[in-house]
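Have a look at the sequence and the fold, then read on.

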Amino acid sequence: MPDKNQEKKARVSHFPEHGPIDENGKEILLSVKNVDITFGKGENAVRAVKNASFDIYKGETFSLVGESGSGKTTIGRAVIRVNPCASGEILYKGVRISGKIPRSLDREVIRNIQMVFQDPAASLNERATVDYIVSEGLYNFHLYENEADRVRKVESMINEVGLLPEHLTRYPHEFSGGQRQRIGLARAMVMEPELVVADEPISALDVSIRAQVLNLLKKFQKEKQVTYLFIAHDLSIVRFISDRIGVIYKGTIVEVAEAEELFNYPLHPYTHSLISAIPIPDPQLEKNKVLFTYDPSMHDYSEDKPEFVCIGHDHWVYGNKKEIEEYTALREKGEPLQPITIKDINAPEEEVSHEVHFSKAEDEFLKTPVHDTGSIWYTVASFFLPIIGIIAALIFKSKRYYHNYKSCKKGAVIGFITLGVIIAIFVIALILVVI
């Protein structure tokens, strides 16, 4: 029976009007199921995403957060069919869009799922005008009745993102970073997509411009019922724009929950570390904040293998049986956790150790006498008296005067080379005279 269902999915050439409904009555727009994404082949293969699973409901903002290199963008690019899935599947409105699909369905994916890229400069064609950049999708899918209708749609979208119609004749290099990101947003939204993959769209922008771009995203969501897969690493922003948040660590989804649920009950230690790293506006509090550092070696998965489990309250956590029991017990207490710890300001300050650990070679190099200056005069003297310079270098080395040793050695080597060249010239000249 499952084989027949797979065949049926593969034969579908168009998306249905609505996606499947879950047990809570929400429409699932996008579903990522047990997805693995691998780059390279054989021994050089790198598993960038490991068994990732999550759902995105229609009309919500689902944020994917994690440090750089964790696999956030890799998943986003898999959703728009740029990165192929090694295993698992991605469903849009219940229809598989990963792997080989009919051309008609592929065009519908492009039409319905758009992406806003992180770098507003690199994502725009520098040789094209803004008018062409925004209109390209309209041209490709012929989403306009006539030229007047195309111009109307483009000008209307440019106005909506806060730019002016006269900007349409200009080129991307004539705009600031924030304006370029608005152009990229206009290019995506003019297609009237149902899902937008926003890949860190504000990370390259100034703080004041970030707020404007975020407000634009929320405006489009409210007016057009757009759904967002928002990729970011800044949890302070993610908290206030997301309906649900997924946390990813080295390709593995470790926690998924509603925004406030996740911040009140950050059960996985990696989530705890991300939240503890959020800067506090108060300098005194920030100074006394105790950072929580995540150490993956704290997990023992040698025998008890981890799973991605729902512990209730629509809160999913990755862990083995013992960890899941601990997470469940913490959540059932109903007492919000405090991931950010502030030291008592009035308490006497503990002496902070600034000890730095060096390698054996570095440690030996640093254990040098005070007068080991490596003066240039050692180099000059060794140049004119190279034999004495070599002897001095060996003495300095035995006494750990490493800088002086290097200076003498350098001068002696140059002196010997110079002396050798002079002798060679003299011998050649003598031979020529004799002949």
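## Before we start

This is a predicted model, so to speak of local features a pLDDT of at least 70 is needed, side-chain atom pairs count only at pLDDT 80 or more, and totals for chains, interfaces and linings use all residues. Residues are numbered from 1 along each chain as its sequence is written, and side-chain values use heavy atoms, with hydrogens and water left out.

Helices (H or I, at least four residues) and strands (E, at least two) are DSSP runs, numbered from the N terminus.

## The sheet

Let's begin with the strands. Eight of them form an open sheet, in the order β6-β7-β8-β3-β9-β10-β13-β12, with mixed pairing. Two strands count as paired if DSSP finds at least two bridges between them. At the edges sit β6 and β12, each pairing on one side only. From one strand to the next, the twist averages 20 degrees. In general, strands of a sheet pair through backbone hydrogen bonds, either parallel or antiparallel.

Opposite Thr252 in β10 stands Tyr249.

## Helices on the sheet

Helix α2 (residues 72–79) lies across β3 (61–65), β6, β7 (195–199), β8 (227–232), β9 and β10, and it runs at about 150 degrees to β8. Helix α6 packs on the sheet too, touching β6 and β7, and its direction makes about 180 degrees with that of β6. For these angles, axes are lines fitted to C-alpha atoms (for helices over the stretch in contact), and angles run from 0 to 180 degrees between N-to-C directions. Contact means heavy atoms within 4.5 Å.

## Helix α4 and its cover

Which residues of α4 are buried? In this helix (residues 130–141), they are Val130, Ile133, Val134, Ser135, Gly137, Leu138 and Phe141. Buried means under 20% relative accessible area, exposed means over 50%, and partly exposed is in between (1.4 Å probe, protein chains only). The cover over the buried residues of α4 includes α3 (103–112), α5 (147–160) and α6 (177–189). Just after α4, His142 takes a positive phi of about 50 degrees.

Most residues other than glycine have a negative phi, and most peptide bonds are trans. Asn34 is not a glycine, yet its phi is positive, at about 50 degrees. You'll find Asn34 in strand β1, and at 42% relative accessibility it counts as partly exposed.

Lys250 also has a positive phi, near 50 degrees. Lys250 sits in the loop between β9 and β10, and is partly exposed with a relative accessible area of 49%.

Now for the spaces. On a 1 Å grid over the protein atoms alone, a cavity is a set of points where a 1.4 Å probe fits but cannot get out, while a pocket is an open set with protein on both sides within 12 Å along at least five of seven lines; lining residues have an atom within 4 Å of a point. Grid points are joined across faces, edges and corners, and a volume is the space filled by probe spheres set on the points.

The largest pocket holds about 390 Å³ of space. Its lining has 15 residues, and Ile110, Gln114, Met115, Phe117 and Arg187 lie nearest the centre. At least two lining residues come from each of α3, β6 (113–116), α4 and α6, and α4 gives the largest share, five residues. By class, that lining has 10 nonpolar, three polar and two charged residues. Here Ala, Val, Leu, Ile, Met, Phe, Trp, Tyr, Cys and Pro count as nonpolar, Asp, Glu, Lys and Arg as charged, and the others, Gly among them, as polar.

The second largest pocket holds about 310 Å³. It is lined by 16 residues, with Phe54, Asp55, Tyr57, Asp314 and Trp316 the closest to its centre. The largest share of this lining, four residues, comes from β2. By class, the lining has eight nonpolar, two polar and six charged residues.

How much space lies in the largest cavity? About 40 Å³. Its lining is made up of Thr61, Leu214, Leu217, Lys218, Tyr228, Phe230 and Ile241. Two or more of these residues come from each of α7 (207–224) and β8, and α7 gives the most, with three.
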